[in-house]
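Keep the sequence and the 3D view side by side.

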Amino acid sequence: MKYSMEEYRKELDKAHEITCLRDAIDEIMASYREKLYQGLEVGDGVTVHLWSDAHAGTIIRRTKSTLWIRRDRAIRTDNYGMSDCQDYRYEPDENGQIFVAHWSRKYKCFIWQDKTVSVGRHEYYDYSF
């Protein structure tokens with residue numbers, strides 16, 4: 001059975017009711033986060049985080065411990081210009097960059113070149129650099 005983001009958010013809300021300490025919340029959520037990540041399938045949207053930028057992508061191949069992610073074409077849909085408020089729509093890009101992320105037992109998530117991969121598509125460009 002696939003573990004959903006909605007279920008994860010419910011558990012996260014429960015953790016926040018118990019404590020507001022980040023380390024404690026991370027500890028509480030570790031098993032739920034692992035279920036969420038291990039439920040990822042080919043075709044699911046994910047985000048590859050860089051330093052402050054983030055790239056949306058789609059899983060194109062998967063093993064238990066490795067994800068192959070193709071970067072999606074992210075098209076701005078807002079009119080905010082060089083702003084932190086950025087809205088996008090996403091399209092597949094057959095020529096998009098391929099990221100190969102590996103499962104980290106230590107961090108309980110997939111990692112690409114020491115940077116995390118999160119569940120769900122999110123594009124972000126940091127204009128401050």
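Glu94 is exposed, because its relative accessibility is 62% and the cut-off for that class is over 50%. The model is a predicted one. In it, the side chain of Glu94 forms a salt bridge with that of Arg70, at 3.7 Å from N to O. Glu94 sits in the loop between strand E5 (88-91) and E6, while Arg70 belongs to strand E3, so this contact ties together parts that are 24 residues apart in sequence.

Next, follow strand E3 to Arg71. The side chain of Arg71 meets that of Glu123 in a salt bridge, with 2.7 Å from N to O. Glu123 lies in the segment after strand E8 (115-119) and Arg71 in E3, so the pair joins parts 52 residues apart in sequence. Arg71 is partly exposed, at 24% relative accessibility.

Now take Asp72. Its side chain forms a salt bridge with Arg121, again given from N to O, at 2.7 Å. This pair links distant parts of the chain. Arg121 is in the segment after E8, and Asp72 is in the loop between E3 and strand E4 (73-76), 49 residues apart. Asp72 is buried, with a relative accessible area of 6%. Arg121 is partly exposed, at 35%.

The whole structure holds seven salt bridges.

Turn to strand E3 itself, residues 66-71. Is this strand largely enclosed or open? Five of its six residues are buried, so E3 is largely enclosed by the rest of the structure.

Which strands pair with E3? One is strand E2 (residues 54-62), which runs antiparallel to E3 and is joined to it by five bridges. Within this pairing, Gly57 stands opposite Arg71, the residue whose side chain also meets Glu123. E2 and E3 form a hairpin, with three residues between them.

Strand E6 (residues 98-104) is another partner, antiparallel to E3 and joined to it by five bridges. Here Trp68 has Val100 in E6 as its bridge partner.

Definitions and conventions:
Residues numbered from 1 in each chain as written. Predicted model: local features only at pLDDT ≥ 70, side-chain atom pairs only at ≥ 80, totals over all residues. Heavy atoms only, no water. Buried < 20%, exposed > 50% of the residue type's maximum accessible area, 1.4 Å probe, protein only. Helix = DSSP H or I, 4+ residues; strand = E, 2+ residues; numbered from the N terminus. Pairing = 2+ DSSP bridges. Salt bridge = Lys/Arg side-chain N within 4 Å of Asp/Glu carboxyl O.
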